[in-house]
Amino acid sequence: MVARADFLNGFADSGLSEDAKTLRNLLCEMFKPSPSPSMGLEGRLREALEAIETACAEASEDNWDGYGARKFQPDSLKHAKIFVSALPRVIPIPEVSVDPDGEFSFTWQRAPRLVFSVSISKDGVLSYAGLFGRNKKAHGTEDFIQTIPKAVTDNLERLFSAEA
Amino acid sequence: MPALNKNISIFQTSVFHINGLDEASIWVIGETHVAGPLGKTLYGRGDILAAVVEEKKLGIDYDNTPPRHANIIGWPTEKHEQKSLAQELAAEAKLKLRDLV
């Protein structure tokens, strides 16, 4: 969809379909200036990195969950920081956690059946999964090389354009 | 998300079978076997019907070590498939918050 790609890249929108109009309205809401100056780009990134730091502290040792979970993987951490920095500005900061295998995980949840999550391996492989209603789901893997793959941005768009 | 049990090389999720227990007894299990050993505060739990787990083609291994303990087994090995199943289970689970007052 032209409107989505252009907005995410900061260019003018030219979509005319109903979907494009819906997405345009949604993105305009997200572009509204934040009441707090700290939530500009720097503030966003700081908040995201603080969330990563909190997750690191939680998973700083093996068996941090009492069930044999691995401590966070340093290379996954490296990719995680780049990942949050590369997220489109219109996307809210996700919840950050560490999986039992030590990979960092980012989750956006709007309702019990409206959720999207991405985990990042030490090799930069993204494993993602999303629920978009009762019988609508998506999951797969993508390589992460500095920019967010289309499969991830497509699913984030799907999550935030769905009716909660 | 499931964790890999390295001893037997399968992915599993630790749970407790709470059928027939009152609320107080359930929270005691959580304190005694989950939060307590980690020195953490127990704020809540997620309850899910065994039938929902089985509906998702997962199994339940009742090892009763400690009493009432079980593991959800039969997880796929691919991480993205595990995440997807975990989301489906979470969507069917009920969050119960503990009254800490």
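## Salt bridges and the A–B interface

Asp47(B) pairs with Arg45(B) in a salt bridge, with 2.7 Å between the closest N and O atoms; the term covers a side-chain nitrogen of Lys or Arg within 4 Å of a carboxyl oxygen of Asp or Glu. This is a predicted model, in which local features need pLDDT of at least 70 and side-chain atom pairs count only at pLDDT 80 or more, while totals for chains, interfaces and linings use all residues. Residues are numbered from 1 along each chain as its sequence is written, chains are lettered from A and ligands numbered from 1 in the order in which they are written, and side-chain values use heavy atoms, with hydrogens and water left out.

**How confident is the predictor?**

- The complex as a whole gets an ipTM of 0.89 and a pTM of 0.82 from the predictor.
- Chain B averages a pLDDT of 94, and 100% of the residues score at least 70; pLDDT is the predictor's confidence in each residue, from 0 to 100.

**Around Arg45(B)**

- Arg45(B) also has a salt bridge to Glu23(B), at 2.8 Å from N to O.
- Arg45(B) sits in strand E3 of chain B and Glu23(B) in helix H1 of chain B, so this pair ties together parts that are 22 residues apart in sequence. Helices (H or I, at least four residues) and strands (E, at least two) are DSSP runs, numbered from the N terminus.
- Arg45(B) is buried, with 13% relative accessible area, and Asp47(B) is buried too, at 16%. Glu23(B) is partly exposed, at 38%. Here buried means under 20% relative accessible area, exposed means over 50%, and partly exposed is in between (1.4 Å probe, protein chains only).

**Salt bridges between the chains**

- The rule gives 15 salt bridges over all chains, and it finds seven across the interface of chain A and chain B.
- In general terms, side chains of opposite charge can pair when their charged atoms come close.
- One of the bridges links Lys40(B) and Glu58(A), at 2.9 Å from N to O. Lys40(B) lies in the loop between helix H1 (23-38) and strand E3 (44-47) of chain B, and Glu58(A) lies in helix H3 (residues 41-58) of chain A, so the pair joins two chains.
- Lys40(B) is partly exposed, at 36% relative accessibility, and Glu58(A) is partly exposed as well, at 43%.
- Another bridge runs from Glu103(A) to Lys79(B), whose closest N and O atoms are 2.9 Å apart.
- That Lys79(B) belongs to a network of salt bridges together with Asp99(A), Asp101(A) and Glu103(A).

**The rest of the interface**

- The contact (heavy atoms within 4.5 Å) takes 29 residues from chain A and 19 residues from chain B.
- Between them, the two chains bury about 1700 Å², 53% of it on carbon and sulfur atoms. Buried area is the accessible area (1.4 Å probe) that two parts lose on being put together, summed over both.
- Tyr67(A), Pro100(A) and His139(A) supply 29% of the area that chain A buries against chain B, more than any other three residues.
- There are also 13 residue pairs in polar contact across the interface, both at pLDDT 80 or more. A polar contact is a pair of N or O atoms within 3.5 Å; within protein, one must be able to donate a hydrogen and the other to accept it, and residues adjacent in sequence count only if both atoms are side-chain atoms.
- On the side of chain A that touches chain B, strand E3 (114-120), strand E4 (125-132) and strand E5 (137-143) of chain A each supply at least two residues.
- The residues on that side of chain A divide into 10 nonpolar, 10 polar and nine charged. Ala, Val, Leu, Ile, Met, Phe, Trp, Tyr, Cys and Pro count as nonpolar, Asp, Glu, Lys and Arg as charged, and the others, Gly among them, as polar.

**Inside chain A**

- Chain A has five helices and five strands, in the order α-α-α-α-β-β-β-β-β-α along the sequence.
- Gln73(A) sits in the loop between H3 and helix H4 (74-86) of chain A and counts as buried, at 7% relative accessibility.
- Leaving aside neighbours within four places in sequence, Gln73(A) is in contact with Asp101(A), Gly102(A), Glu103(A), Phe104(A) and Lys122(A).
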